[in-house]
Amino acid sequence: MGLMKGWPYTDFATGWYQIGYSKEFENGTIQPAKWFNQDLVIFRTESGVLAAMDAYCPHMGAHLGHRGQFGGKICGENIQCPWHGWEWKTDGTNARIPYKDDATVNAQIETKHIREVDGIVLMWFDHEGKPPSYEWPGFPYIGDKSDYYPIDWTVDGPHRVKPQFPMENSADPHHFPYVHGSGVDAEFTDYVVNGPECGNKMYMTFGAGKERTWMTPEGPVDGEIDNFFWGASLGIARFNINGRVCIHLTVLTPIDDDYCTFFSTVTHNREPGATGDVPEGIAKKMMEAQHVQIRNDFHIWANMMYKVRPIFTGEAEQTRYAFIRKHFDQFYPNPVY
Ligand code: FES
Ligand SMILES: [Fe+2]
């Protein structure tokens, strides 16, 4: 499927994918979108219900999310088609035909499963068309959520990459010095699967080999990174460096067979004594660094070919890389491992 040489899968992986942020969808507004090869309309009703559905009106096929003066619009709890004014409910059924006061039609627009958790908007993709089999629990805060800065995000693309690639970093200790400029290789633990969640731990010395860095003004510090994955789509790295906690959610959501949009979302616990919502000090730099560091991988992924059987050199690499690939494999319709 698609341009990437060697990519073995015939469809997208089942799971939750990010399609935006709650704040981007204001009450009474509509947006066109394209995800998983499908044209969609995403809208929020006057009362605040968020919905996503196939973009095309069952009547004569107008795009409901087309923007501008003559685009579709929200009427109370319904979306109104720009062509003949038919109104549709968030469940995809017909609510009203304005020039036939007493009639509706028995038609159904395909709707999507949508969730909003911690300000993140998620959409469920299932290659068998089944409903969600689990819920995303949100950011894995250590301590009280109110001690964290509001989420900060960057979005870009399209990128010619696959959703699981950022998560494969957690099995790849030897790329850190080359791709991310770290002083030493990382160390990892084995993966643990807990229901829909899979993860491992990574140990790294921050500022290794340097007297001081912005992150480590008092010299090198041993830190931990907890990785959490849901499906082959949602990945979180949670850094804990001497009580400084930085949580980074990375999601690549497919637009079509070849390209994804990249959502990078970060939060950090406040500096000791700080109460404001604007990150400062090392927390601010740490949050900014996440958005930059992860992008260092993209030039590799966009130009690579996928090796179903890579050359592994050693036990740890073999068990972990092989494990995580087999784990992601289960979410595709044609497992290859
Ligand atoms: S095409 Fe939508 S109302 Fe006619
Ligand atoms: Fe990386």
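## Strands, hairpins and a kinked helix

W35 stands opposite Q38 in strand 3, where strands (E, at least two residues) and helices (H or I, at least four residues) are DSSP runs numbered from the N terminus. The structure is a predicted model, in which local features need pLDDT of at least 70 and side-chain atom pairs count only at pLDDT 80 or more, while totals for chains, interfaces and linings use all residues. Residues are numbered from 1 along each chain as its sequence is written, and chains are lettered from A and ligands numbered from 1 in the order in which they are written.

Seven bridges pair strand 2 with strand 3 in the antiparallel sense, and A33 stands opposite L40 in strand 3. These two strands form a hairpin with two residues between them, and in the turn F36 has a positive phi of about 55°. F36 is found in the loop between strand 2 (29–35) and strand 3 (38–44), and it counts as partly exposed because it has 17 C-beta neighbours inside 10 Å; a residue is buried if 20 or more other C-beta atoms lie within 10 Å of its own, exposed if 12 or fewer, and partly exposed in between, with C-beta atoms placed from the backbone.

Strand 3 is joined to strand 4 by five bridges, and the two run antiparallel, with R44 standing opposite L50 in strand 4. Their hairpin has five residues between the strands, and G48 in it takes a positive phi near 105°. Five of the seven residues of strand 3 are buried, so this strand is largely enclosed by the rest of the structure.

Four bridges pair strand 9 with strand 10 (residues 120–125) in the antiparallel sense, and the bridge partner of I114 in strand 10 is M123.

In the loop between strand 9 and strand 10 lies D118, which has a positive phi of about 50° although it is not a glycine. D118 is partly exposed because 17 other C-beta atoms lie within 10 Å.

| Strands | Sense | Bridges |
|---|---|---|
| Strand 2 and strand 3 | antiparallel | seven bridges |
| Strand 3 and strand 4 | antiparallel | five bridges |
| Strand 9 and strand 10 | antiparallel | four bridges |

Helix 3 (residues 281–295) has 15 residues and reaches 22 Å from its first C-alpha to its last, close to the 21 Å expected at 1.5 Å a residue, the expected span being 1.5 Å times one less than the number of residues. A kink of about 25° is centred on A289 in helix 3, the bend at a residue being the angle between axes fitted to the seven residues ending there and the seven starting there. The residues A283, M286, M287, Q290 and I294 of helix 3 are buried. An α-helix has 3.6 residues a turn, so residues three or four places apart point the same way. The cover over the buried residues of helix 3 includes strand 11, helix 1 (165–168), strand 17 (244–254) and strand 18 (260–268), where two residues are in contact if their C-beta atoms, placed from the backbone, lie within 7 Å.

Strand 11 (residues 152–159) contains P158, and a cis peptide bond with omega of about 0° joins G157 and P158.

**Domains**

The protein chain is divided into domain 1 (20–112) and domain 2 (145–329), with bounds that come from an automatic or database domain assignment. The C-alpha centres of domain 1 and domain 2 lie 37 Å apart, and the contact takes five residues from domain 1 and six residues from domain 2.

Terms used. Two strands pair if DSSP finds at least two bridges between them.
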